[in-house]
Amino acid sequence: MKKNRIRKTKEDYVVDFIVYAIAIIVAVSILLPFMQVVTISMSPASVVNRNGFHLIPHEFDFSGYSKIMSDDNFWHSYLNTIIRAVVGTFLSVAVTILTAYPLSKTKLPHRKGIMLFIVFTMYFSGGMIPTYLLIKNLGLLNNFLVYLLPCLVTGFALIITRNFFMTIPEALEESAKIDGASNFTVLMRIYLPLATPVVATIALWYCVQHWNSWMDNMLYVSDQSLYVLQYLLQTILNSGQTPDMEQAVGIVVHTETMKMAALVLSLIPIVCLYPFLQKYFIKGMIVGSVKG
C-alpha cells in the first residue's frame, strides 16, 4: 500500500532553497575561521608570513604548542578556569532549579512581583562602577568567589526552567504528596528526572558563560595566581606572550602561531562537551519557551 506523499509547491522549494542557503552560509562562516586558527597554530612562521590566509597546512610546526604548553602560568590559569566552570555550573544549576520550582507554582504569594523583579534584571543593571564598589564592600576583590557569586543565576535560564516545570502535570505532584512526599522529594524524584533536557540546556549555558568570562578577572582580580584562562588569552592576543614569558629564554616562536595554539587549547573542553548535550539542547529550549 503506497503512502500518500505531500507534493511540494514552488513556494516550498523556494523556502527550502533559502533555508539551506542560509544554513550553508552560517556553517561556512563558522568553519572557515576555525580552520584558519587550527592551520596557523600548526604552521611555521615562514609559511604564515609568506602565505597569509590558508586553510590547509603547507608545512607542520608545533613549536607554538610547545611554547604555550611549557608555560606554568598557562596551565595554572587553565586549572582555575576548569574549577570555575565545574563549581560555578553546579552551583548555578542548583540555585536555578531551587528557585524555579517554587516560582512555577501559581499559589506562591507575590509570584508575579518576584517575576517582575527577575525580568527587570535582564534589561537593567547597576553599572560598572556601582558593581565594583559592591564587590569591594563585600570583600570579593582578589577572591575566587568573585567568579561565582555575582553570576550565580541568570534571569533567562531561570525563566526557561520555570516554564519547563509549569508544563509538568500537577497530578503527579498531588499523587506524590498523598503518599507523604515533601516538596523537596517531589522536586528530586519527579521534576528533576523529567527535566533532563532543560537541566542539560542551562548547564551548557552556565558552563560556556564561565569558560568564556574574562571581564570580571580584569576588573576585580589582580592576583596572578587567580587568573583565568580567558584573561590570560586576552593578554596573549594583545602582546603575544603570557606574563611569565617576558623573561623566558629559548626558542623563538612566531607570535601568531603562539596565539592560535593557545586558542585551540582553550577550545578543546567546550568542543568535547557540546556533542554530549546537543540532543537535549533543542528540546530544552522548545519546551522551556512554550508556557509563560
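This is a predicted model: local features need pLDDT of at least 70, side-chain atom pairs count only at pLDDT 80 or more; totals for chains, interfaces and linings use all residues.
Me: How do you know that the length of helix H1 agrees with its number of residues?
Reply: Helix H1 runs over residues 10-41, which is 32 residues, and at 1.5 Å a residue they should span 46 Å. The C-alpha atoms at its ends are 47 Å apart, which agrees.

Me: Which residues of H1 are buried?
Reply: They are Gln36, Val37, Thr39, Ile40 and Ser41. Buried here means under 20% relative accessible area.

Me: What makes Arg84 and Asp216 a salt bridge?
Reply: The cut-off is a side-chain nitrogen within 4 Å of a carboxyl oxygen. The side chains of Arg84 and Asp216 meet at 2.6 Å, N to O, so the pair counts as a salt bridge. Arg84 sits in helix H4 (residues 72-103) and Asp216 in helix H11, so this pair links distant parts of the chain, 132 residues apart. Both residues are buried.

Me: How many salt bridges does the structure hold?
Reply: It holds three. Another of them joins Glu173 and Lys105, at 2.4 Å from N to O. Glu173 lies in helix H8 (residues 170-178) and Lys105 in the loop between H4 and helix H5 (111-123), so the pair ties together parts that are 68 residues apart in sequence.

Me: Why is Glu173 called buried?
Reply: Its relative accessibility is 8%, and the cut-off for buried is under 20%. Glu173 therefore counts as buried.

Me: Why is Lys177 called partly exposed?
Reply: Exposed would need over 50%, and buried under 20%. Lys177 has 37% relative accessibility, so it counts as partly exposed.

Me: What joins Lys105, Glu173 and Lys177 into one network?
Reply: Glu173 also forms a salt bridge with Lys177, with the closest N and O atoms 3.1 Å apart. Salt bridges that share partners join Lys105, Glu173 and Lys177 into one network. Glu173 and Lys177 both lie in helix H8, four residues apart, or about one turn of the helix.

Me: Which residues lie nearest the centre of the largest pocket?
Reply: Thr131, Ile135, Pro150, Cys151 and Tyr220 do, out of 21 lining residues. The volume of this pocket is about 460 Å³. Helix H6 (128-137) and helix H11 (215-220) each supply at least two lining residues, and H6 gives the most, with five.

Me: How do the residues of that lining divide?
Reply: There are 13 nonpolar, six polar and two charged residues in the lining of the largest pocket.

Notes: Residues are numbered from 1 along each chain as its sequence is written. Side-chain values use heavy atoms; hydrogens and water are left out. The expected span of a helix is 1.5 Å times one less than its number of residues. Buried means under 20% relative accessible area, exposed over 50%, partly exposed in between (1.4 Å probe, protein chains only). On a 1 Å grid over the protein atoms alone, a cavity is a set of points where a 1.4 Å probe fits but cannot get out, and a pocket is an open set with protein on both sides within 12 Å along at least five of seven lines; lining residues have an atom within 4 Å of a point. Grid points are joined across faces, edges and corners, and a volume is the space filled by probe spheres set on the points. Ala, Val, Leu, Ile, Met, Phe, Trp, Tyr, Cys and Pro count as nonpolar, Asp, Glu, Lys and Arg as charged, and the others, Gly among them, as polar.
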